[in-house]
Amino acid sequence: MDMLWNGWGDPARATPLPDTVSGLLRDLLGVAPRGAAALPLEEIGVPASPLDATVRRALERAVGDRPDRVRTDAETRLRHTRGKSTPDLLRMRAGDTADTPAAVVLPDDHDQVLAVLAACVRHRLALVPFGGGTSVVGGLAPEGGSATAGFVALDLRHMNRLLDLDEVSRTATLQPGLRAPEAEALLAERGYTLGHFPQSYEWATIGGFAATRSSGQASAGYGRFDEMVLGLTLATPEGTLDTGRAPRSAAGPDLRQLVLGSEGAFGVITSVTVRVRPRPRVRRYEGWRFASFDAGAAALRRLAQDGPRPTVLRLSDETETLIGLAQPDAIGASLERQDAGCLAVVGFEGTEEDTAYRREGAAAVLGACGGTFAGEEPGERWAHGRYSAPYLRDSLLDAGALAETLETATYWSRVPALYTAVRDALTGTLTEAGTPPLVMCHISHVYENGASLYFTVVSAQGEDAVAHWTRAKHAANEAILAAGGTITHHHGVGTDHRDWYVREAGPLGVRALDAVKRSLDPAGVLSPGVLLPGNGPRTSAHPHP
């Protein structure tokens, strides 16, 4: 099944907002229906593919002389246009097809990927790897592609196998197009789990997790995806890069780190070796309440630094708790109960004995920090609805609201200032534009030394919703850098964060990364403008730096 082309996920799961929520949006934020509905798929005008017959034939040869694996029909190309950020969806709903690829190419294996890359270099054709299509930072819309040829979306869906499971070492080697639920099912047959469950879980792919340094909702227990990766294979225009022959090594800088987070700018990930763990026998989620966000953050820090660390650990601020966003299937119910304070969701997975030990120890810490046990119902509701927020975003857009998210991370000592700076930037910018917002936040991932802050913003759309959000997002990005945060914790850089990432990395860091780019992709065909500044395929394959 393909994802909804102008929204998130399975079309059958899209539901309208309850009347109570629509009334809340109207009364609190002045949200009103926008009138014209999103255009239906058959009414979207997609220009004919600019791919000429010679280039098409070269791509067909690259994928085993399979004409059906090079698709230029309007619907396939449209379904590979952009990602799933709110600006992406608003533009798609309005019929804007400016970033539609010239072709979608579907390889079967590593060698075919190499052949497609060679064809793109030969014909100066830009290429963007495409996994689940869940990017929310402009990672699927390259800049500066050939004006005459456009670019190719390299859809990896046919590279979707479990290649190896080493039960002695507890490692698995997976192909990049394997979607997360399929990977979990294959591992579960042998009694294992990856333990990686981001909000994009139902649609995102293994290759995408590695390319963006994804972080799952159970990261407190299982770690980030980049911490799980033991080896990768990368297909580049200059050949194959194999990394990771041991779990740890002192043999020079770790080349895996060049691939992790590279977002398709250096090559196409064609296999990933990850550590796996036995499937947990017990999963329990519960709620704790704190009087304030600061008090709850102090409790999370205690657990992150001194343990015992839960598998899931997250904290909603006062506004998010009141609205009920921590439980997306019960939005607004907390308002009726006038729930106060901040809700923490704490989850435990593992054996019966280990889970009981960590629950008891965590309860002692949370209680000592002023927390009040709220029972298992809040945690179980969160677990039941944890993948539903993107569907809620679609319903909010349908109702005329602007709804979007952004995230960052910093050290514990800077969390309060970063939290305030981003909230003030978003609130000030949108209020000044005449659409005062509701800004909510939660701590989504914790570490011994710091934490991630995840913001959700809802307001009226204004006259030009895309421009409206762009101004607010720019203000938030500036606030993040000024307050000492990183421009992204797990969404990635793409094109949306690139200019701030360049400032965060610094001139020398960018020069070093550009040198890597020119070594692996001297013709500049890979994801131009994603991660690093770039103007598309170069006229010379080996330009001078």
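What follows is a short chat about a predicted model.

Reader: What should I know before I start reading this model?
Author: This is a predicted model: local features need pLDDT of at least 70, side-chain atom pairs count only at pLDDT 80 or more, and totals for chains, interfaces and linings use all residues. Residues are numbered from 1 along each chain as its sequence is written, and side-chain values use heavy atoms, with hydrogens and water left out.

Reader: What does the protein average in pLDDT?
Author: The average is 93, and 94% of the residues score at least 70. pLDDT is the predictor's confidence in each residue, from 0 to 100.

Reader: Where does pLDDT stay under 50?
Author: Over residues 541-545. The model has ten contacts for them beyond four places in sequence. Contact means heavy atoms within 4.5 Å. Where pLDDT is low, the predicted coordinates should not be read in detail.

Reader: New topic, α14. How many residues does it have?
Author: Helix α14 has 17 residues, 352-368. From first C-alpha to last it reaches 24 Å, close to the 24 Å expected at 1.5 Å a residue. The expected span is 1.5 Å times one less than the number of residues. Helices (H or I, at least four residues) and strands (E, at least two) are DSSP runs, numbered from the N terminus.

Reader: Which residues of α14 are buried?
Author: T355, R358, A362, V365 and L366. They cover an arc of only 100° around the axis, so they sit on the same side of α14. The arc is that of the directions from the helix axis to the C-beta atoms. Buried means under 20% relative accessible area, exposed over 50%, partly exposed in between (1.4 Å probe, protein chains only).

Reader: And what is exposed on the other side of α14?
Author: E353, Y357, E360 and A368.

Reader: What do the buried residues of α14 pack against?
Author: β12 (282-290), α11 (293-306) and β14 (342-350). After α14 comes G370, with a positive phi near 95°.

Reader: Switching to α18 and α19. How do their axes cross?
Author: At roughly 10°, and the axes come within 11 Å. That makes α18 roughly parallel to α19. Angles under 35 degrees count as roughly parallel, over 145 as roughly antiparallel, 65 to 115 as roughly perpendicular and the rest as oblique. Axes are lines fitted to C-alpha atoms, for helices over the stretch in contact, and angles run from 0 to 180 degrees between N-to-C directions.

Reader: Which residues make the contact?
Author: H474, N477, E478 and L481 of α18, with W500, R503 and E504 of α19.

Reader: Now H442. Buried or exposed?
Author: H442 counts as buried, because its relative accessibility is 9%. H442 lies in strand β17 (residues 438-446). Not counting residues up to four places away in sequence, H442 touches several residues, among them R314, E320 and Y454.

Reader: And S395, what does it touch?
Author: T15, P16 and L17, not counting residues up to four places away in sequence. S395 is in helix α16 (residues 389-398) and is buried, at 6% relative accessible area.

Reader: What joins G307 and P308?
Author: A cis peptide bond, with omega about -5°. P308 is in the loop between α11 and β13 (312-316). Most residues other than glycine have a negative phi, and most peptide bonds are trans.

Reader: What is the phi of E263?
Author: Near 55°, a positive value in a residue other than glycine. E263 lies in the loop between α10 (256-259) and β10 (268-275).
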